[in-house]
Amino acid sequence: MSECAVSAAPARTYQYGTRHTPAMIADLSRRAYEYRIQVLRMVYERKTGHLGGAFSAAEILTALYFHQLRLDPEHPGWQDRDRLVFSKGHACAMLYTVLAHRGYFPVEELSTFRALDSRLQGHPEPAKTPGIEVTAGPLGHGVAIGAGMALGARMDGSRRRTYVVLGDGELNSGVVWEGVMLAAKFGLDNLKVIVDYNGVQQTGTTAKVMPTEPIAAKWAAFNWHVTEIHGHNMAEILNALDLVDEVHGLPTVIIARTTKGKGVDFMENSPQWHGGIPNDAQFKSALMQLETGAAQWQA
Amino acid sequence: MASLIRDPFGDAVLMRKAYGDALVELGHARKDLVVLSADVQSSDFSYLFEEAFPDRFFNVGIAEPALVDCAVGLANSGKVPIANTFAFLFATRALEMVRTHLCYGGANVKLAGAYAGLSDSFDGPTHHSITDVAILRSLPRMTVVVPADPLAVARLLPQVAEWKGPVYFRLCRNEVPRIYTSEYQPEIGKGVVLMDGDDVTIMACGVLVARAIEAARLLADEGVAARLVEIHTIKPLDGELVRRCARETGAVVTVEEHSIVGGLGGAIAEYLSETHVVPVERVGIADRFAESGPYSDLLDRYGMSVNDIVGAAKRAMARKAGAVSTAAREMA
């Protein structure tokens, strides 16, 4: 990680509630690209991991961890911290990257991703990695687990919020809809799901593998508050996250329309890059494109 | 020692009623206890907890995967959730959630498996649960506890809640005799020697402990001194006790309301095969599905009668004698 494009010091966090200034939006947008670069290096160097779904979630996780979530990396077990359930566990290279830059563990440790003795397992494991709430990997768990967390917060009279980042491929899974009904039954307005709707799963487009549209209408029919946004537009993400805090009496879902492999032309919308590993030439090309992506947000 | 067993047994009471009462008592003692049900609270009597603590009871509908996952979320919030559904559903439909989040992920969730074994007798093999112990005990970090009577339910449930990590608590639907006196003080992970004897050890769990007691008494009438041990915790197994009994009696019979594949019998056979090899006879269901019928008749029909236990004890002892004579021949 010596060529790491980002500093090893904890990255700047914009406290929850601060105004979304153009400078803040540009900074977070640029950093989403820099985190992609970090993930690209991890997967390229370790020759294992999932790039496509990590890249589609870059802006979502950046917005959550560097603005929305009320956390204390010094005290990961703080009872009233906001919870984040990363349901699409295969994309955890991005989660690890964001957690490291948020100060949960040294950025240098990212180079051990999926290695023997590493704390950074192939899929998240809470006992090993600071900042991880629950394990993930087998798909579809996030909503029902999040509902349990939200019920727990309500029982405690706590204002903590539970966020779930869900992949669109996970929507194939029946337990997702069990969780959706459960959260609606209990009116869990402290539960907020963000669907990283990148339109591609392991063997093809979601439209081809298992059509899920009209997805907004489905969630609405289950008595959820639904917002649809452009999932790579930082301003839209930040506004949507603020908006859903104003919803009372029902759980909320943000359908974030994203691009799998976002930022690298030959990876975008390609099922091959769900779990593909770049060769040297592809790595160089991807790096150049992501650096260009970051540069567009340079002040 | 004999004072642990009532003689004669006490009146039969519904084990599920004992469970519901124990839940309520525990609810008073532990404010962090929450109870979830996949819409079976009227079956397993967890409705008693719902009535007493409506704010700490959640019916998640007929959705066993979400039942377990929701409990995982509550555990993350510092609650001690007890999830309730039929035993076979934990071991089948919700198994992936159990493996991933309770065992691998370490979520501190307790599973109360209702209607285990053949106890939902008339509903038939779709509802019987004869492989749950084998399945759940194969998972790293899982603890498996099988109470034998209403008092055992009441005394073990608080320990289940206190135990760090996931526990599967296997429960019977039906009326079962009260076999234990108030002297009975079970401890998770420790077997209980109920009767002394040196000819053979009968290791039993669950409601069949009552039949094993009857079998041991019949054997005594025939001059056979059977040692009777209750293994209420299938995992972690009380290996020290199991090995000592094997060494001291030279023959073992296991008794369980479960398939003979992978349950108590499997656990003990595995353990003894590597520590102290003696003849082991397994009383249980012979790797097949049962059928609908009255509970007691089903237990008899499918290999778990008192006579089946007596016969297994005699076979084990005969094999022990055969092994001795074979060894003697080889030495000669």
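This is a predicted model: local features need pLDDT of at least 70, side-chain atom pairs count only at pLDDT 80 or more; totals for chains, interfaces and linings use all residues.
Visitor: How many residues are in contact between the two?
Guide: On the side of domain 1 of chain B there are 28 residues in contact, and they meet 32 residues of domain 2 of chain B.

Visitor: Which elements of domain 1 give two or more residues to that side?
Guide: In chain B these are helix H7 (132–137), strand E6 (143–145), helix H8 (150–162) and strand E8 (175–180). By class, the side of domain 1 of chain B that touches domain 2 of chain B has 18 nonpolar residues, along with eight polar and two charged ones.

Visitor: Switching to chain A, at what angle do H1 and H4 pack?
Guide: Helix H1 (residues 22–46) and helix H4 (residues 92–102) of chain A pack at about 120°, and their axes are 9 Å apart. Because angles of 65 to 115 degrees count as roughly perpendicular and those over 145 as roughly antiparallel, H1(A) and H4(A) are oblique to each other.

Visitor: Is the crossing left-handed or right-handed?
Guide: H1(A) passes H4(A) in a right-handed crossing.

Visitor: Which residues make the contact?
Guide: H1(A) contributes A:Tyr35, A:Gln38, A:Val39, A:Met42 and A:Val43, while H4(A) contributes A:Ala93, A:Met94, A:Thr97 and A:Val98. Of the residues in this contact of H1(A) with H4(A), seven are nonpolar, two are polar and none is charged.

Conventions:
Residues are numbered from 1 along each chain as its sequence is written. Chains are lettered from A and ligands numbered from 1 in the order in which they are written. Axes are lines fitted to C-alpha atoms, for helices over the stretch in contact, and angles run from 0 to 180 degrees between N-to-C directions. Helices (H or I, at least four residues) and strands (E, at least two) are DSSP runs, numbered from the N terminus. Angles under 35 degrees count as roughly parallel, over 145 as roughly antiparallel, 65 to 115 as roughly perpendicular and the rest as oblique. A crossing is left-handed if the near helix is turned anticlockwise from the far one by less than a right angle, and right-handed if clockwise. Two residues are in contact if their C-beta atoms, placed from the backbone, lie within 7 Å. Ala, Val, Leu, Ile, Met, Phe, Trp, Tyr, Cys and Pro count as nonpolar, Asp, Glu, Lys and Arg as charged, and the others, Gly among them, as polar.
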